[in-house]
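Visitor: I would like to go through the chain interfaces one by one. Where do we begin?

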Amino acid sequence: MSGASSLAAGVPVRVRTGEPQTHCRTPHYLRGKRGVVLRALGRYPNPEELAYHKPGMPPLTLYQVEFDAAEVWGERLHEGPYRIVADIFEHWLEPSVQPAVPGHEQGASHDRA
Amino acid sequence: MTVHDHGDHSHPEHDGHDAHAPVDDLDHYAPESLLMEQALRELLIEQGVFSAEDIQRQIDLTESRTPALGAQIIARAWVDPAFRAALLEDAKPALGGAFALDLANTPELTVLENTAGLHHVVCCTLCSCYPRNILGIPPAWYKSREYRSRVVIEPRSVLKEFGTELPAQREIRVVDSTADMRYLVIPLRPAGTEGWDEERLAALVTRDSMIGVSQALAP
Amino acid sequence: MGKHVHDMGGDPAGPIDHGEHARTLFDQRVDAMLRLLAHPQKGYFTVDAMRRSIESLDPQAYHGLGYYERWMRAVRQLAIERGLVSQAALEQRMAAIAAQRGGKA
């Protein structure tokens, strides 16, 4: 997605849906889920191309994204609240208009200072 | 296909009683796996892709990385605020400097700090990503279907299976190592260790506490 | 196409086995071969290619084989893909080793 390489901390995002037939590093349980960018982790060759002996260039920005367990699991959640953090490449992220959990404080407020 | 008898010591390389003492019970492998390994290794050595010495050096390097190294790093982070800050800021250069570790050509590393308010537990739901260059090879349970499936959907139950019960108000963050970043946890420094030196502290730091399924041992 | 077998987050699963398993020489060697071949400066293939190869095992093989046995099949597949060995040469060598071991038993 254009401009994805500049997602700032606290930006709400949604993981894209899709069922690629090929290797990818976006876990199924997070697809379509809304989260918040914690930080960018740098740029790395695209693993979906590296997997097939291609160079994977230009590199893609990898983002650390935080999700609320309630958003991820919905009715399957059977424990108290917690967060999930996963690293998602830019082309799997799209902007999310709504925050992940309405009324929930956005951003990395509890991140280490 | 010939079944490879685990008592067969006809291959000289099986005879060495080196420090790493690999287990030699091969009964639970498909015989084909063992043939495949030897055949491929021999062919690649013959073609000069790597040498037998390269294989041994690689094994030695891998076996040299153990949770004891991680424990030293954590103990240093507990006693040395500047090192801790550097480690949290950018782990690889901090470790290269303080522990003379060659981490070139190894995956990126982020260190996560557990606090009284926040507990991290690390997993890899897609495969077995793990800070191998600090902690060595991952334990079998880390790679298991059970851990990988469950820790992201019921972390408190999983922690309980490890004997870890956190205060209700402590927030949990499950960190799924899905891509190029590896994660190492600094466990909470146990109470009652004020004034301890690094060596004593390191003895309290278990492998599991650096993955986040346990806390550091109580003094 | 649904979720792939390796992609386990959230799947129902039983209690965790906390048993520690020491690595065998087989495990160590398979691991060493992978590290050498996937080393960035050798670059015969990447860890992502390795993962793709493991993930392309059919579910029965994925669950039926041990961890390093899955790795072994993936390394073999990639060595062939990258032209480091031919499948025929590998099979020939495997047969020769099997015959040799059989003869000694």
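Visitor: How many residues does each side give to the contact of chain B and chain C?
Guide: This is a predicted model. Contact here means heavy atoms within 4.5 Å. By that rule chain C gives 58 residues, and chain B gives 62 residues.

Visitor: What area is buried between chain B and chain C?
Guide: Carbon and sulfur atoms give 60% of that area. The total between chain B and chain C is about 5700 Å².

Visitor: How many salt bridges are there between chain B and chain C?
Guide: The rule asks for a side-chain nitrogen of Lys or Arg within 4 Å of a carboxyl oxygen of Asp or Glu. R23(C) and E63(B) meet it, at 3.0 Å from N to O. The count between chain B and chain C is six.

Visitor: Which element gives the most to the side of chain B that touches chain C?
Guide: The elements giving two or more residues to that side are α1, α2, α7, α8 and α9 of chain B. With 14 residues, the one that gives the most is α1(B).

Visitor: Which class has 28 residues on the side of chain B that touches chain C?
Guide: That side has 16 polar and 18 charged residues. The class with 28 is nonpolar.

Visitor: How far apart are the end C-alpha atoms of α1(B)?
Guide: α1(B) has 16 residues. At 1.5 Å a residue they should span 22 Å. The model agrees with that, because the end C-alpha atoms are 23 Å apart.

Visitor: Is L40(B) in α1(B) buried or exposed?
Guide: Buried means under 20% relative accessible area. Among the residues of α1(B) that pass are S33(B), M36(B) and L44(B). L40(B) is also listed, as buried.

Visitor: Which residue with positive phi follows α1(B)?
Guide: The phi in question is near 80°. The residue is G48(B).

Visitor: Now the other interface. What area do chain A and chain C bury between them?
Guide: The contact joins 17 residues of chain A to 16 residues of chain C. Of the buried area, 51% is on carbon and sulfur atoms. The total is about 1300 Å².

Visitor: Which residues of chain A lose the most area to chain C?
Guide: Together they make up 38% of what the chain A side buries. They are H23(A), H28(A) and H53(A).

Visitor: How many residue pairs are in polar contact between chain A and chain C?
Guide: Across this interface the rule finds zero salt bridges. Polar contacts are present, with both residues at pLDDT 80 or more. The count is eight residue pairs.

Definitions and conventions:
Residues numbered from 1 in each chain as written. Chains lettered and ligands numbered in written order. Predicted model: local features only at pLDDT ≥ 70, side-chain atom pairs only at ≥ 80, totals over all residues. Heavy atoms only, no water. Buried area = accessible area lost by both parts, 1.4 Å probe. Polar contact = N/O pair within 3.5 Å; in protein donor to acceptor, adjacent residues only side chain to side chain. Helix = DSSP H or I, 4+ residues; strand = E, 2+ residues; numbered from the N terminus. Nonpolar A, V, L, I, M, F, W, Y, C, P; charged D, E, K, R; others polar. Expected span 1.5 Å × (residues − 1). Buried < 20%, exposed > 50% of the residue type's maximum accessible area, 1.4 Å probe, protein only.
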